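The following note sets out numbered points for a colleague who is examining the model. Each point takes up one part of the structure.

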Amino acid sequence: MSRVKLLSLQILVGVVLLAIWWIGSNVKIFGVLLLPPFFFSTPGDVFARVVRMFATGLIWKHLWVTLIETALAFAIGAIGGIVFGFWFARKPTVAAVFDPYLKMINALPRVVLAPIFMLWLGLGIWSKVALGVTLVFFIVFFNVYQGVKEVSPVVLANARLMGLNERQLFRHVYWPSALSWMFSSLHTSVGFALVGAVVGEYLGSSAGLGYLIHQAEGVFDIAGVFAGMFVLAAFVLVIDWGVTRIEDRLLVWRPGNSLNDG
Amino acid sequence: MDSLGAPPAPRDGATSAIRLDAVRIAFRLEGGGTYDAVAETSLEVAENEFVAIVGPTGCGKSTLLNAVAGLLKPVAGNVTVLGRPLAGLSREAGYLFQQDAVMPWKTALDNVALGLEVAGRPRAEALDAARGWLGKVGLARFTDRYPHQLSGGQRKRVGLAQVLIRHPKILLMDEPFGPLDAQTRQIMGNLLLDLWAADRKAVLFVTHDLEEAIALSDRVLIMSAGPNARIIGDHRIDLARPRDAADIRLDPRFHELHRAIWGQLKAEVIKTYGEADA
């Protein structure tokens with residue numbers, strides 16, 4: 001399918017969905033609105049609300065807070081995951097001892113930890129960061145662990161015979177392999193960092209997109225809820241685009257990731 | 001054919017590059033017990049000598065080679081490289097693997113330069129040398145490619161440059177051209193012969209392809225089917241050098257040698273299949 005055709009079909013889907021929403025909330029069919037504005041708002045109201053959020057500059061503060069929480073959650077979770085992933089992969093005894101506990105913590109739905117983090121860390125950004133970290137850590141940890149374990153034995157033997165010592169093996173073999181696994185899960189882990197931040201804000205905070213949505217919900221301001229959701233979705237798309245750019249740069253050596261594949 | 005069992009005497013005064021004395025290799029099996037891969041084996045590769053080991057699939061040729069590289073330790077016997085007993089990984093050996101052993105996350109240039117870099121040479125110098133070696137293996141225009149952007153034969157060339165740039169004193173090759181198609185194998189064979197002719201390192205070349213072995217080497221050793229594989233034949237290849245790995249196959253002497261060695265090898269190959277069927 002050509003680019004133009006694909007793009008026009010994608011736009012068409014959006015237009016149709018918006019049209020259904022607009023008709024449902026504006027046009028009475030047999031005397032009833034299928035999508036009553038009290039529950040569904042209207043496209044016009046939501047659009048006006050989004051415009052106002054940006055025009056008054058109110059949204060920037062909240063976007064900034066959510067972005068900072070997401071970035072911190074990702075950075076801390078990723079560093080922890082890398083350190084522990086390497087440690088466990090290189091020391092099988094340690095991995096065996098901690099295995100049941102890791103599985104236990106990972107099996108826990110993270111939302112139940114949110115109130116505890118709030119109790120420990122307060123209503124500021126750190127309780128949200130902590131929630132994001134618990135999500136990001138495990139994704140990065142398991143990928144780095146796998147990346148170190150899955151290094152091809154032939155590549156490893158070759159590197160050893162080339163005279164690489166342990167430190168050089170780490171730098172030239174284990175690290176790039178682990179990193180490639182980590183980056184292949186970058187979309188998921190960044191996404192989870194954001195989920196941690198927004199859910200944390202939703203459950204109790206004084207700023208951020210989650211807070212904004214929660215506030216609007218509290219006063220049955222459906223247009224505000226939808227506006228917050230649309231801004232959040234757009235925010236995710238922008239972050240995802242950035243991640244894709246980083247990924248393309250760092251994983252050029254991977255089959256299927258470069259344009260001059262041959 | 002030389003007498004077997006005792007290590008063949010070195011040729012008139014030449015020192016041996018690789019020497020195996022009564023080496024026995026066994027593996028512990030997971031369910032308990034051991035698998036005796038290689039029975040007591042002695043062999044010797046003189047300096048400047050190109051020796052090929054041929055045998056049926058799975059006979060333990062690669063195992064023997066890994067013992068020379070120090071990648072695995074024999075349960076008995078001694079491995080001597082350039083007069084010194086082998087302890088740990090061999091620092092003198094360059095090893096070309098059957099599978100792709102280049103690092104997928106490094107460009108051809110970085111892969112080749114790595115061996116010098118880790119030895120402490122400045123990066124600029126290592127990169128210059130790597131460019132030179134990639135030129136020698138015919139990849140001057142592909143220095144910035146990643147392995148997945150190269151063909152199987154090109155990846156082998158990178159591997160060859162990666163091994164040779166370190167100027168190893170002995171070369172160990174484990175069916176290096178095995179995964180390549182017939183034409184590429186012959187081209188790679190000629191490339192190897194050209195590069196080898198420059199300084200004639202001692203080579204131990206493992207292959208299951210008898211024609212390749214005769215075309216390239218000075219001596220062909222035949223290994224019996226495993227377990228308890230042994231060297232059962234030692235044939236000198238008196239074809240003149242320099243050779244062309246493809247044209248030499250039309251030489252009448254090549255056919256004589258091939259017929260003589262194949263008679264012995266065939267029996268072993270049939271033995272392997274017989275056991276597989278049983």
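1. Strand β9 of chain B is covered on both faces. On one side B:R219, B:L221 and B:M223 are buried, and on the other B:V220 and B:I222 are buried as well. Since five of the five residues of β9(B), which spans 219-223, are buried, the strand is largely enclosed by the rest of the structure. This reading rests on a predicted model.

2. The pairing partners of β9(B) deserve attention next. Strand β3 of chain B, residues 50-54, pairs with β9(B) in the parallel sense over four bridges. Within β9(B), B:I222 is the residue opposite B:V54. Strand β10 of chain B, residues 231-236, pairs with β9(B) in the antiparallel sense, over five bridges. Here B:M223 stands opposite B:I231 of β10(B).

3. Is B:L265 buried or exposed? B:L265 counts as buried because it has 22 C-beta neighbours inside 10 Å, where 20 or more are required. The residue belongs to helix α7 of chain B, residues 252-277. Setting aside residues up to four places away in sequence, B:L265 touches B:V54, B:L210 and B:I222.

4. The largest nonpolar core has 140 residues. Those with the most contacts inside this core are A:V136, B:V68, B:V112, B:L172 and B:L204. Helix α7 of chain A, residues 125-149, supplies the largest share of the core, with 15 residues. Which residues are in contact with B:V68, once its neighbours within four places in sequence are left aside? They are B:I18, B:V79, B:S90, B:A93, B:L172 and B:L204.

5. Four strands form an open sheet in the order β2-β1-β4-β5 (chain B), with antiparallel pairing. Its edge strands, each pairing on one side only, are β2 (34-46) and β5 (84-85) of chain B. Strand β1, residues 16-28 of chain B, runs antiparallel to β4(B) and is joined to it by five bridges. In this pair, B:L20 has B:V79 of β4(B) as its bridge partner. B:V79 is also among the contacts of B:V68.

6. Strand β4 of chain B, residues 76-81, and β5(B) pair in the antiparallel sense over two bridges. B:V81 has B:R84 of β5(B) as its bridge partner, and B:T80 stands opposite B:P85. Two residues lie between the strands of this hairpin, and B:L82 takes a positive phi near 50°.

7. Chain A is divided into domain 1 (1-38) and domain 2 (41-250). Taken over C-alpha atoms, the centres of these two domains of chain A are separated by 33 Å. Seven residues of domain 1 of chain A are in contact with four residues of domain 2 of chain A. On the domain 1 side, α1 (3-26) and α2 (37-40) of chain A are the elements that give two or more residues. The largest share of that side, five residues, comes from α1(A). The residues of that side divide into five nonpolar, two polar and no charged.

8. Chain A averages a pLDDT of 89, and 97% of the residues score at least 70. Among the elements of chain A, α1(A) has the highest mean pLDDT (93) and α2(A) the lowest (86). Over residues 257-262 of chain A the pLDDT is below 50. Beyond near neighbours in sequence, this stretch has nine contacts in the model.

Technical notes: Residues are numbered from 1 along each chain as its sequence is written. Chains are lettered from A and ligands numbered from 1 in the order in which they are written. This is a predicted model: local features need pLDDT of at least 70, side-chain atom pairs count only at pLDDT 80 or more; totals for chains, interfaces and linings use all residues. Domain bounds come from an automatic or database domain assignment. Two residues are in contact if their C-beta atoms, placed from the backbone, lie within 7 Å. Ala, Val, Leu, Ile, Met, Phe, Trp, Tyr, Cys and Pro count as nonpolar, Asp, Glu, Lys and Arg as charged, and the others, Gly among them, as polar. pLDDT is the predictor's confidence in each residue, from 0 to 100. Two strands pair if DSSP finds at least two bridges between them. A residue is buried if 20 or more other C-beta atoms lie within 10 Å of its own, exposed if 12 or fewer, and partly exposed in between; C-beta atoms are placed from the backbone. A nonpolar core is a set of buried Ala, Val, Leu, Ile, Met, Phe, Trp, Tyr and Cys residues joined through C-beta atoms within 7 Å.
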